[in-house]
Amino acid sequence: GVVAGAAAGSGGTAAGASGSEPPAKFLVPATGPCPEFRDGYVMFAPDGKERRVLLYTSGKKAEKRGPLLFSWHSTLPNPEDAVSWIGQSVIDEIKAEGGVVAAPSTGYPRETRPWDNTPMGAQNVDGDQRLMDEIVACSVQKLDIDTRRIHATGMSAGGLKSSQVSLRRSGYLASVIVYSGGLTQGDMPPDQDPSNPVAAMILYGGATDISPVDGINYTDASNRYLDTMRKRGSFAFLCDHGGGHSVPRDSQASAWRFLQDHPYGTRPSPYAIGLPSGFLRYCTLPK
């Protein structure tokens, strides 16, 4: 289902040209002191609760307003895993643009799963999302990031988390990359802003992509998430890389291109008529 040149000319400017920004009501002010933005671990304190976050940033405003990309780690907490799924060259590009990659550490070290509102994680709490709000507010304050370019990614528990926040923070997220994540049976996160068509690229590893923690079948979870996103009017598609429970290294360039081509409020997707030439061969648009 690849149409050569379908997205020709899209370089993250398609929707940017219309200048749509997330509504101000979703971009809430910081509730704690904003740390200095630099490479390495810093502390944020949403609602007075301290949280460690690994930042990848030059710490400098650039000519161009850069993006903010959240990275959610998997069950064995290691925020540095951001490099293996996003890719060092992509991180370098984000830094050069005056943007930031923010990789939170879990606030729930005693739970089986590290993130709130994921299976076997803390339930009915909003700590991670409030941390996101704080990071967004501080990124605007310190780096003047482009609020049309706020994205999320993650793998496994982090993929489940990215799926959660695509709905729980649909007020400002533009697009997400989900690796071995999705929604489990009966899981319906509250949708913060059903009018924002958060775009989703959903990667999983075929029949052997099963959670080593609790047996979640990621083929099922990915398909359930695809259906949920399409029902709400999001552009979403699946990529079955067939490599089991892993992040395929060849996905990084296409994933980054997808995020750049889907800033806030992009409708219709430039990929709606076909994925761009050179895109991952194992991605398919829903029939």
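## The sheet

Nine strands make up an open sheet with mixed pairing, in the order β1-β2-β4-β3-β5-β6-β7-β8-β9. Strands here are DSSP runs of E, at least two residues long, and helices are runs of H or I, at least four residues long; both are numbered from the N terminus. Two strands pair if DSSP finds at least two bridges between them. The edges are β1 (40-44) and β9 (283-284). Each has a single partner strand, so one side of each has no neighbour in the sheet.

Strand β8 (residues 236-240) is joined to β9 by two bridges, and the two strands run antiparallel. Which residue of β9 is the bridge partner of Cys239? That partner is Cys283.

Residues are numbered from 1 along each chain as its sequence is written, and side-chain values use heavy atoms, with hydrogens and water left out.

The score pLDDT is the predictor's confidence in each residue, from 0 to 100. The protein chain averages 92, and 93% of the residues score at least 70. Residues 1-18 stay under 50. Where pLDDT is low, the predicted coordinates should not be read in detail.

## Helices across the sheet

Axes are lines fitted to C-alpha atoms, for helices over the stretch in contact; angles run from 0 to 180 degrees between N-to-C directions. Contact means heavy atoms within 4.5 Å.

Helix α4 (residues 157-168) lies across β3, β5 and β6 (175-179), at about 150° to β5.

## Helix against helix

Helix α4 also packs on helix α5 (residues 218-231), with the axes 12 Å apart and an angle of about 10°. That makes α4 and α5 roughly parallel. Angles under 35 degrees count as roughly parallel, over 145 as roughly antiparallel, 65 to 115 as roughly perpendicular and the rest as oblique. From α4, the contact uses Ala157, Leu160, Ser162, Ser163, Ser166 and Leu167. From α5 come Tyr218, Tyr225, Thr228 and Met229. By class, six residues are nonpolar, four are polar and none is charged. Here Ala, Val, Leu, Ile, Met, Phe, Trp, Tyr, Cys and Pro count as nonpolar, Asp, Glu, Lys and Arg as charged, and the others, Gly among them, as polar.

The axes of helix α2 (residues 88-96) and helix α6 (residues 252-261) come within 9 Å and cross at roughly 30°. These two helices are therefore roughly parallel to each other. Val90, Glu93 and Ile94 of α2 meet Gln252, Trp256 and Gln260 of α6. This contact has three nonpolar, two polar and one charged residues.

## Disulfides

The structure holds two disulfides (cysteine sulfur atoms within 2.5 Å). One joins Cys34 to Cys138, S to S 2.0 Å. This link is left-handed, with -80° about the S-S bond. Cys34 lies in the segment before β1 and Cys138 in helix α3, so the pair ties together parts 104 residues apart in sequence.

## Backbone exceptions

Most residues other than glycine have a negative phi, and most peptide bonds are trans. Asp47 has a positive phi, near 55°. Asp47 sits in the loop between β1 and β2. Arg267 and Pro268 are joined by a cis peptide bond, with omega about 0°. Pro268 is in the loop between α6 and β9.

Key. This is a predicted model: local features need pLDDT of at least 70, side-chain atom pairs count only at pLDDT 80 or more; totals for chains, interfaces and linings use all residues.
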